[in-house]
Amino acid sequence: MEEHKEENKYEGLNLPNYNIPEDIQNVVSITTIDRLYNWGRRWSVWPLMFGLACCAIEMIAAQTARYDMARFGMEVMRPTPRQADMMLVSGTVTKKMLPSIIRLYNQMPEPKYVVAMGACASSGGPFKEGYNVVAGIDKFLPVDVYIPGCPPTPQALIAGMMKLQEKIDKQSIKKVRWYEKGKNDSNYVPMPILGPDLIDVRRNAEYKEAAAKKEGAA
Amino acid sequence: MTAPASTQTVDLVARFPDSVTADTRPGFSGFIVKKENLVEVATAIRDEFGFDLLSSVTGVDYLAENMMEVVYHVHRTTGGPGLVFKTQVERVDPVEVPSLYSVWVGADFQEREAWDLLGIKFTGHPDLRRILMWEGFEGHPLRKDYKEGFFEEETKPFKSRWPDGHHNYVEFKNPYRDNLIFPEGFDPDNYTPKNEDDLYFSLERSSMKKAEGDLNTDHIVVNMGPHHPSTHGVLRVAVELNGETITSLKPVMGYLHRNHEKIGERNTYLQIMPYTDRLDYFNSMANNFGYAIAVEKLMNIPVAERAEYIRVIMAELSRIQNHFIFIGMLINDLGSMYTPSLYAFEERELILDIFEAVSGARMMCNYFRFGGVVRDIPADVLQKIKDLVFDRLPAKIDEMERFLNENEVLVGRLKGVHVLNAEEAIRHSVTGPVLRAAGVPYDLRRADPYSVYDRFDFDVAVRHNGDMYDNYLIRFDEMRQSLRILEQALKQIPEGPINSQKPQYQVRVPAGESYGRIESPKGELAYYLVSNGKPNPYRYHVRAPSFINLTAVETMCKGVKIADFVALLAMFDIVMGEVDR
């Protein structure tokens, strides 16, 4: 594929540079499995019906008549993670809420995507310094798209969704992490524990070391 | 000064010469009650002086004076100014203050919050657990000697952010490279997290008496939330069920606790303004309003005439869109997924267009300033507002009513399902439409008029049955009254400056305290501020109506079916940003 086409927008199901006679264009398509597969997925990204804070209201607004996310196949909000493809982290992630979010993420079937909507989900935003705030969901979950704004307008959200579609277009069944052989669930994130503060169990050794160092200094 | 007015109506010192003294610190008002006599004095305040509504309970940590103060604001539901009384205790753990739960049940959650965030132990409170943080969390964050993981400096603006032109990452100052604090020598491998036994024990496990030969049945505990489509955000409710009937229930919150107050105490006065937007994120204009009033009271400055009208217009528009969404969401919860809320959001978008035109943002308007507003309304936007108010909105409210009011399913689900009666509502400090639907005409725009509300001719919407259908109808009544106010405000709005002060980033605020309250669409929204004359508030507390209204949810929902519980919760129109702050 030429370079400008890489950057260029989605071109439909057919592979470029194949001339299909006009009279059978309705019934014949020349494409690859990847392309067919991605074509199906990009138009049916079902978000998890999951609102955290202010951004959730703009997420609802994006679903309503004026912005109408249904145009992108994203109107089917699923309250259960078992049926969702995409988790829209719409709002401030607090330490108290985090274990629930991780659990929801682990319950989602693959392929799954995470979109960090707004400043809070991306980095902690205006509340970053707070004692109960996680400075960005990307400390725990692999984020695919970040949408800036506080809150992002519905237009910005839709732009972010289109970015996600572009990302889906570029994926290949051969390479995506969830079809790799010999690995058990590479996407699994261990549950953090609510202790005296939030304990990310993957970093236990580090915590122990830092706590010991602090003791030595004091 | 408006502040000392509250003390003039009631002379507590004459009534209790031994246990009450007047608060004579400059800028402060009210009375200081000895801790030993607190319950006795509070009972007298309620019964003899008629202050039946406990508005707010909060604590202030005076670290330098080695003193903790608990501040109570009480009001009469018949209207008029409130009364402030305080009790002071030495700041030595355990800090113990008698609980006023027995006098006003509305103290329940607020005392738990003060325990959670300030470590004030209320003796005699029936269920003193942490409320916003989780059980097992280390420390009481709102104490002045508590420093967060990402602590930089005592107050903003931080000087350390750009030393010698280089930026500093706050992450590098923390040994864990994260927003974390652990006690010394903490060993995460051998840590067993506290399970939630306390919560489940607090549910009243009713013992089931079984007669001989009965089926072996048991109550089950169901957790709803924090991820649940009907809890309006991240509220969690632990429910004990007997079949489908709720026998006991406890709300669990704090899943959106974003430390509004702690961050607020480090910000300058103006820097707090955009944070207030994010409290009740449907009504940023109303939140701004309350906060501006609280600071203006402290600064003792007037508000520009035109700005007062602009404020009223924005606040009432905000109320209308809030109630529209309430109706849409309520019907969502009743099972009619999405269609009614599409109608609601259509009107909301038009109102948000106006907000965007005047403030630059759809939701987070950050529009008010001390002494006025930040920008004038352009003429074309004013025309747009007029078109909406005189033309479109009345018709749309009628249309909505025509669609819904007689709907059989809606009437069947709502009519006759009891929410609260007046007495219960007042006892639990419930304010806003829920209180008015129970027959108490308590609306701050009338009861204790602020801004220019005393110039408008409007009725306080009241309904008398206190069932869900009344709670639903009263929102339509309120929208109509808001339209009446808007019509008058749009006709009367004068020309002139929009701010009585020069635009400034840093305001000078004299030492003292103030309590600014407004009638937000959800209830009585109030801000309690303590200033020590520095650029940052010493104590900043939000009396959030959604949070305090939830106190009644337990009483309200006992004995109802779990399907009704979802709708009952919707009645309070809670917003988690405000509940958890």
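In which sense do β3(B) and strand β4 (residues 67-75) of chain B pair, and over how many bridges? The pairing is antiparallel and extends over nine bridges. The legends below describe this pair and further close-up views of a predicted model.

**Figure 1. The five-stranded sheet of chain B.** The strands of this open sheet follow the order β1-β2-β5-β4-β3 (chain B), and their pairing is mixed. Because β1 (20-22) and β3 (53-62) of chain B each have a single partner strand, they stand at the edges, and one side of each is left without a neighbour in the sheet. From one strand to the next, the twist averages 25°.

**Figure 2. The contact between the two assigned domains of chain B.** The domain assignment divides chain B into domain 1 (5-123) and domain 2 (260-580). Taken over C-alpha atoms, the centres of domain 1 of chain B and domain 2 of chain B are separated by 27 Å. The contact involves 22 residues of domain 1 of chain B and 25 residues of domain 2 of chain B. On the side of domain 1 of chain B that touches domain 2 of chain B, at least two residues are supplied by each of β3, β4 and α4 of chain B. The largest share of that side comes from β3(B), with six residues. Classified by residue type, the side of domain 1 of chain B that touches domain 2 of chain B comprises ten nonpolar, ten polar and two charged residues.

**Figure 3. The three-stranded sheet of chain B.** A further open sheet has the strand order β8-β9-β10 (chain B), with antiparallel pairing. Its edge strands, β8 (220-224) and β10 (245-252) of chain B, each pair on one side only. With direction ignored, neighbouring strands of this sheet are turned by 20° against each other on average. Strand β9 (residues 236-242) of chain B runs antiparallel to β10(B) and is joined to β10(B) by seven bridges. One of the residue pairs is formed by B:R236 and its bridge partner in β10(B), B:V252.

**Figure 4. Packing of helices α7 and α8 of chain B.** Two packed helices are described by the angle between their axes and the distance between the axes. For helix α7 (residues 269-277) of chain B and helix α8 (residues 284-299) of chain B, the axes come within 8 Å and cross at roughly 150°. Since angles over 145 degrees count as roughly antiparallel, α7(B) is roughly antiparallel to α8(B). The crossing of α7(B) past α8(B) is right-handed. On the α7(B) side, the contact residues are B:Y269, B:I272, B:M273, B:T276 and B:D277, which meet B:S284, B:N287, B:N288, B:Y291 and B:V295 in α8(B). Together, the residues of the contact of α7(B) with α8(B) comprise five nonpolar, four polar and one charged.

**Figure 5. Packing of helices α9 and α16 of chain B.** The axes of helix α9 (residues 305-333) of chain B and helix α16 (residues 468-492) of chain B cross at roughly 160° and come within 9 Å. This crossing angle makes α9(B) roughly antiparallel to α16(B). The passage of α9(B) by α16(B) is a left-handed crossing. Among the residues that α9(B) brings to the contact are B:Y309, B:V312, B:I313, B:E316 and B:R319. Those from α16(B) include B:Y472, B:R475, B:E478, B:M479 and B:S482. By class, 13 nonpolar, three polar and four charged residues make up the contact of α9(B) with α16(B).

**Figure 6. Chain A and its contact with chain B.** Chain A contains seven helices and five strands. Taken along the principal axes, the C-alpha atoms of chain A fill a box of roughly 80 × 45 × 35 Å. Contact between the chains involves 48 residues of chain A and 49 residues of chain B. On the side of chain A that touches chain B, two or more residues are given by each of α3 (54-63), α4 (98-107), β4 (193-194), β5 (198-199) and α7 (204-217) of chain A. Of these elements, α7(A) gives the most, with nine residues. The side of chain A that touches chain B has 28 nonpolar, ten polar and ten charged residues.

Definitions and conventions
Residues numbered from 1 in each chain as written. Chains lettered and ligands numbered in written order. Predicted model: local features only at pLDDT ≥ 70, side-chain atom pairs only at ≥ 80, totals over all residues. Axes fitted to C-alpha atoms, helices over the stretch in contact; angles between N-to-C directions. Helix = DSSP H or I, 4+ residues; strand = E, 2+ residues; numbered from the N terminus. Parallel < 35°, antiparallel > 145°, perpendicular 65-115°, else oblique. Left-handed = near helix turned anticlockwise from the far one by under 90°. Contact = placed C-beta atoms within 7 Å. Nonpolar A, V, L, I, M, F, W, Y, C, P; charged D, E, K, R; others polar. Pairing = 2+ DSSP bridges. Domains from an automatic or database assignment.
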